[in-house]
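The sequence and structure come first.

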Amino acid sequence: VRQEDTVARQGGDEFILLLPEIAHPEDALRVANKILDAFQHPFVISGHELYVTVSIGIAIFPTDGNDHGALIQNADVALYQAKEQGRNAYRLYTPAMNAHALERLDMEAHLRRAIEREEFRLVYQPRVHVLTGEITSVEALIRWEHPERGTIPPGQFIPLAEETGLIAPIGEWVLHATHARLRAWHEAGLPPLRVAVNVSGRQLSTGSLIPVLHAIVRDCPGAASLLELEITESVAMTNVEETLAVLRDLHAMGFWIAIDDFGTSYSSLNYLKQFPIHALKVDQSFVREIPGDPNSEAIAATIIGMAHSLQLHVIAEGVETAEQLDFLACHECDEVQGYYYSRPLPPDDFVRTFFVDGAFTTNVPVG
Ligand code: C2E
Ligand code: CA
Ligand code: CA
């Protein structure tokens, strides 16, 4: 930058560049491009080449703000957009972005109150044993009944919950609600059925998970063997040493653990074999393309084979058609989950549909 410009560290990994003497907005873009170019080159530290990505948000005086507060705030909105667009990019502030930012704030405020207002519920999707058609376990999936917008799927609020830290109380609610469901089914005289819940990366890394699970097990020692935790491959493989320690604790407490969305990230097989897990879930992106796409077929078959050689169980998700099921059965996939058998259902519907002659079953063995 030039003599008259200012570079300041705002905090953390955020910096402010103040360019007081620009003639056109394009000049700001030129500077942004120069910075992006500079970061194309690695930093060499102790012989390792390290790359850093940058995201830049630009606000221009006076159109985007009349004082430093408004300029910084709007640059921040544009920065957020640049990050959302995939990083290593810059974005100029536009008023439309503010509408988007306001909507996020509104959603965040609602999300904060959603737990007290009991706006969450869980729906249940069976995992089906391929050979017998029996239901081995069930996955609990969260839904948000928003008072104005109706049912909101997790994809639309879990990322925000993770960003804002609200995932901790929401995750805790999910575990308690699951435990309450297990108890209700037990009291209704139903046979024990393991319930799998999704655990987010932040629950693992902030340590908010273990105390909640301890409380559940203290209250009800049998609960651990009926609770399964699904952790995505990408979460499991970030901070692997830490993950390994947490998974060992969970395993020691008696919980079942599965690796979710397998095949979408990069697994260290060396760690995978050390993880005390019982199953891998083949990601639905591969299942969607079988049979037909040779790459997806090969990947699905390879995951199944690899899991079996590691003595792990394999569950394929997103199974929608008989052809997918046939392919998976031929390749000795153990269990399947998907719309072919059932959409995720409210608990009463689930029991009404699948509790038949004293057992949870689809009554549809594939053979
Ligand atoms: P996931 O764990 O991979 O869950 C599978 C998703 O695929 C679910 O979407 C499920 O409804 C959907 N699905 C099941 N069968 C089929 C099928 O045959 N075809 C298609 N196209 N989709 C199918 P959902 O319920 O919208 O959940 C999306 C994601 O949100 C989940 O992906 C999970 O990562 C996350 N999530 C859900 N509940 C929770 C929760 O309680 N806590 C956390 N942290 N994350 C959750
Ligand atoms: Ca899952
Ligand atoms: Ca999944």
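Helices (H or I, at least four residues) and strands (E, at least two) are DSSP runs, numbered from the N terminus. This is a predicted model, where local features need pLDDT of at least 70, side-chain atom pairs count only at pLDDT 80 or more, and totals for chains, interfaces and linings use all residues. Residues are numbered from 1 along each chain as written, chains are lettered from A and ligands numbered from 1 in written order, and side-chain values use heavy atoms, without hydrogens or water.

Q: Which element gives the largest share of the shell around ligand 1?
A: A residue belongs near a molecule if one of its heavy atoms lies within 4 Å of it. β8 (135–146), α5 (167–187) and β12 (256–262) each supply at least two residues of the shell. The largest share, four residues, comes from β8.

Q: How do the residues of the shell around ligand 1 divide into nonpolar, polar and charged?
A: Ala, Val, Leu, Ile, Met, Phe, Trp, Tyr, Cys and Pro count as nonpolar; Asp, Glu, Lys and Arg are charged; the others, Gly among them, are polar. In total, 21 residues surround ligand 1, with Arg143, Asn198, Gln284, Glu320 and Tyr339 the closest. The division is nine nonpolar, six polar and six charged.

Q: How far does a polar side-chain atom of glutamate 320 lie from a nitrogen atom of ligand 1?
A: A polar contact is a pair of N or O atoms within 3.5 Å. Glutamine 125 has a side-chain N or O atom 3.0 Å from a ligand 1 nitrogen. Asparagine 198 has one 3.0 Å from a ligand 1 oxygen. For glutamate 320, the distance to a nitrogen atom of ligand 1 is 2.5 Å.

Q: Which residues coordinate the calcium ion (ligand 2)?
A: Donors are N, O and S atoms within 2.8 Å of the metal (3.2 Å for Na, K and Ca); water is not among the atoms, so sites may look incomplete. In sequence the donor residues are spaced E-x58-N-x31-E-x29-D. At 2.1 to 2.3 Å, they are Glu139 (OE), Asn198 (OD1), Glu230 (OE) and Asp260 (OD).

Q: Which residue bridges the calcium ion (ligand 3) and the calcium ion (ligand 2)?
A: The protein donors of ligand 3 are Asp260 (OD), Asp261 (OD), Glu317 (OE) and Glu317 (OE), at 2.1 to 2.6 Å. Their residues are spaced D-D-x55-E in sequence. The two calcium ions lie 4.1 Å apart, and the bridge is aspartate 260.

Key:
A polar contact is a pair of N or O atoms within 3.5 Å; within protein, one must be able to donate a hydrogen and the other to accept it, and residues adjacent in sequence count only if both atoms are side-chain atoms.
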